[in-house]
Amino acid sequence: TTNNITTIITMPSTQRSRFLLAAGFLAAAAAEASDEPPIDIPSDTELQFSADPYADQDKLDMIKSGIANLAAIRYEASSFSSENTGYTGVYGDFCVYDARLNYVEDPSLYPTIDDMMLTSDHCGEHTYTLPLAEVVAAVSSHDINVGQTNPPVDGLLFHLGHSGAGVVSNALATFETTLVVPEHPAITDALFACDHIHNRHESADCSSSLQKKLVEDVINLATRSSDASITHAYIKFNADSTAYISMVRDILPHAPWTFHYRDSDTTLAKSTQANRNSCVFKRRQPSSHLAQKAILLGIDLDGMSQEDLCALYLSTLFEVAINEYENSETGMLVSYAQLVEAGYITDAVLPFLGLQAEIDADPAMVSANVETTLTTKSNTRGVPGNKVQHWNANDEVVHISDKVRAASALFLGNAMEVVERL
């Protein structure tokens, strides 16, 4: 143990922060799995962390003033029981990090909130855990008392993965008037909460209204800002969250939303590459849509190949998005092929997301910023030392195996035909 502690202490600061942030999330997972209250990772003295510069400050005051931001949430199997009048046993992890790092620096280096947190020693060493309902009540009261109005959520970005949503997110982040929240883990976990409880604990006692209240509270915390110059907030969801478009739209019914997709063969090929194939975890943690489709087709998820499983999973995201689009007047379908066309983002996507006034104010600068995002790789993990990587979409070569082609044709062919007709 002593040798392990010594190794941690001698890590470079950022590397140590990354390790400790991961350790904190593992501790949260362990607490949830045992249905016990949140547990602490080893003490500052035990691991000889740096002193917390905010040790003497009230943690709720730090959150209310915007010094500390939401990092993650954790909940229990009974948190959303229908017997409750509100969600219970839900905790938020908060730490100090710059939630606009994707504006202050090159957005391609910070494609997710996790990447922003990894640059913060405080998030690695001094995360604060508080009951989320208490935080929400305190923040709401504070904002009313001081007259703080948070920016409206003016756009929601959903996608299949590897389909260009990151390019649009990065373009949005270049505006001085925007707050872009890319793939916040707390939003993801809140959306998946009832499915997770059903899969992990085999419990059907999860109130959709209580879960929706949690999602609303998390979104409000994640998009909160006291900066009056910020007049638009945007959320880029991770691919899994596409299964929950209807829930998000119930909360934000007037917010424009985009669904980004790509030809099914390429999408599936990239989704099944090593280190990118998170879809294989859907065997044990399927969304309700995926579970229901598997039952409808008489398919055992455990017996499926990686290619078939991931194709089936992607097909459910397609179907949810298409259904929502057909029953909504606020959606926009964006293909990858359109996205890389000259002028499409500036002329079509950004105006749809409410930024026409900003474009009109300086069209040359906006066009230049968009061109930069189109020629910059947007998944370079954002830690100091990483450099911006330039790329050309037309030069990308993706190997598509026979297994991928077969699975794509079997499970995704119909969805592609439908979306191309819309």
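## Helix H14 against helix H21

Helix H14 (residues 264-271) and helix H21 (residues 402-411) have axes that come within 9 Å and cross at roughly 125°. Axes here are lines fitted to C-alpha atoms, for helices over the stretch in contact, with angles from 0 to 180 degrees between N-to-C directions. Helices (H or I, at least four residues) and strands (E, at least two) are DSSP runs, numbered from the N terminus. H14 and H21 are therefore oblique to each other; angles under 35 degrees count as roughly parallel, over 145 as roughly antiparallel, 65 to 115 as roughly perpendicular and the rest as oblique.

On the H14 side, Ser264, Asp265, Leu268 and Ala269 meet Val404, Arg405, Ala407 and Ser408 of H21, where contact means heavy atoms within 4.5 Å. By class, this contact of H14 with H21 holds four nonpolar, two polar and two charged residues. Ala, Val, Leu, Ile, Met, Phe, Trp, Tyr, Cys and Pro count as nonpolar, Asp, Glu, Lys and Arg as charged, and the others, Gly among them, as polar.

## Helix H14 against helix H16

The axes of H14 and helix H16 (residues 306-326) come within 10 Å, crossing at roughly 120°. That makes H14 oblique to H16. The crossing of H14 and H16 is right-handed.

From H14, Thr267, Leu268 and Ser271 meet Glu307, Cys310, Ala311 and Leu314 in H16. The residues of this contact of H14 with H16 divide into four nonpolar, two polar and one charged.

## Disulfides

The whole structure has three disulfides, each a pair of cysteine sulfur atoms within 2.5 Å. One of them joins Cys95 to Cys123, with an S to S distance of 2.1 Å. This pair links distant parts of the chain, 28 residues apart: Cys95 lies in strand E2 (residues 91-95) and Cys123 in helix H7 (residues 121-125). The link of Cys95 and Cys123 is right-handed, with 80° about the S-S bond.

## Model and confidence

This is a predicted model, in which local features need pLDDT of at least 70, side-chain atom pairs count only at pLDDT 80 or more, and totals for chains, interfaces and linings use all residues. Residues are numbered from 1 along each chain as its sequence is written, and side-chain values use heavy atoms, with hydrogens and water left out.

The protein averages a pLDDT of 89, and 84% of the residues score at least 70; pLDDT is the predictor's confidence in each residue, from 0 to 100. Over residues 1-21 the pLDDT stays under 50, and the model has 32 contacts beyond four places in sequence for them. Residues 25-37 also have pLDDT below 50, with 20 contacts beyond near neighbours in sequence. Where pLDDT is low, the predicted coordinates should not be read in detail.

Key
A crossing is left-handed if the near helix is turned anticlockwise from the far one by less than a right angle, and right-handed if clockwise.
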